[in-house]
Amino acid sequence: MVTIQPTAARRIALAAQGFATARPQGRVDIRHLRRVMGDVGALQLDSVNVLSRSHYLPMFARLGPYDRVALDRYTSESGEVYEYWGHAASLLPAARYPLFRWRMDAFEPWGRIRNLQAEHPGYIETVYDEIAAHGPISVAQLSDPGARTGPWWGHGRGRVALDWLFASGRITAYRDHRFGRLYDLPERVIRAEYLNAPSATREDAYRELLLLGAAHHGIGTAKDLTDYYRLKVPLARPILAELVASGELIAADVPGWTQPAYLHPAAPQPRKIRGAALLSPFDSLVWERDRTERLFGFYYRIEIYVPEPDRIHGYYVLPFLLDGELVGRVDLKADRAGGRLWARGSFVEDGYDAAVVGRALASELRAMAGWLDLGGVVVEDRGNLATQLRAALA
């Protein structure tokens, strides 16, 4: 058992997520994209586009401005990335494909699948055959996608069939530049060396995914490590004990944490973290909200689904990281028609100098506006940082 002080645990966590590495000074290329994918291990997908699709933002946070088209090509054409249920719907390194086969095999047909099989026998196989013959294709390109049955999750039978084929691993998917999901056979998307590698048993997969979760976290509790790839804590605990016994993880105590921690032996332990970054609500650094509060003293919740009058900070709020601490947050919207990045609410955390935070945030917002091809930044009055932020942008 080692003791890790809370400030050191925070630096370890940031380094594991790639924030101890300086942003590139020149052109960002595929090597940088690979490095970030290696650091984070998953880019969570989300359809909300009020600012930018969420999977673009973690790269910007760690690399600064880069070519989003290059990321699209990397994730769809390289054979190194595929989409699956990692941490929710995620883009994952294809090298980890064998570690998720057990999850594919474990899926049982849910209610809508059973109904579809009963009401339209053979339809799912027809969809599979169509993808095999004509993929990659979208749900809209199916010859018989069926009609929607309602808003939100009222998908037609084509989408229901695709969801089942995707979940069970018979097909895979990637996103085009419009965020449309294109479905294809795994052998046409994933490199053969990964696709044909032996599948891991559930126990072996848990072992490897827990080690990967520890590497991406640097240090974390059992809940932290299991949440990274959505594993089950009761199944993970005995495996974590084995990993400690074998020396592959180190048992750690972090004063102030109520649960035991696990330190990855190879986790960097930098003395300082420098730099600024805006974090997507779906950035892997802040996935686990209790961990975010534990590490940074920063209470954070997504308010997208909260009625507007009840929101505290706004609709699409990004935490602001500065020199290793979460010092503020900003509610952002890309006004594409008007060519402006709107800071609809800007807030500084208690105990931080608003002028310092405002200057650093202004610089990051200017960079983001340019990256999103927007002409400038507009700051609305809402929030205790608005005055200082507007002054820094003047």
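**Aromatic pairs and backbone exceptions**

The structure, a predicted model, holds 13 aromatic pairs. One of them joins Y84 and F166: the ring centres are 5.5 Å apart and the planes stand at 50°, so this pair is tilted. Y84 belongs to strand 3 (residues 81–86) and F166 to helix 8, so the contact ties together parts that are 82 residues apart in sequence. Y84 is buried, with a relative accessible area of 1%, and F166 is buried at 2%.

Another pair is formed by W102 and Y206, with centres 5.6 Å apart and planes at 55°, so it counts as tilted. Here W102 comes from helix 5 (residues 101–106) and Y206 from helix 10 (residues 202–217), so the pair links parts that are 104 residues apart in sequence. W102 has 14% relative accessibility and is buried, because the cut-off is under 20%. Y206 is buried at 3%.

Ring pairs also build a cluster, whose members are Y84, W85, F100, F166, Y228, Y229 and W287.

Charged side chains meet rings as well. The charged end of R68 sits over the ring of W371, 5.2 Å from its centre. R170 lies over the face of Y128, at 4.3 Å from the ring centre.

Now to the backbone. The peptide bond from G135 to P136 is cis, with omega near 5°, and P136 is placed in the loop between helix 7 (123–134) and helix 8 (157–167). A88 is not a glycine, yet has a positive phi of about 55°; A88 is found in strand 4 (residues 88–93) and is partly exposed at 23% relative accessible area. D373, also not a glycine, has a positive phi of about 60°. D373 is in the loop between helix 14 (354–371) and strand 14 (376–379) and is exposed, with a relative accessible area of 64%.

Note on methods. Residues are numbered from 1 along each chain as its sequence is written. This is a predicted model: local features need pLDDT of at least 70, side-chain atom pairs count only at pLDDT 80 or more; totals for chains, interfaces and linings use all residues. Side-chain values use heavy atoms; hydrogens and water are left out. Helices (H or I, at least four residues) and strands (E, at least two) are DSSP runs, numbered from the N terminus. Buried means under 20% relative accessible area, exposed over 50%, partly exposed in between (1.4 Å probe, protein chains only). Rings of Phe, Tyr and Trp (its six-membered ring) pair if their centres lie within 6.5 Å; planes under 30 degrees apart count as stacked, over 60 as edge-to-face and the rest as tilted. A charge sits over a ring if NZ of Lys or CZ of Arg is within 6 Å of the ring centre and within 35 degrees of the ring normal.
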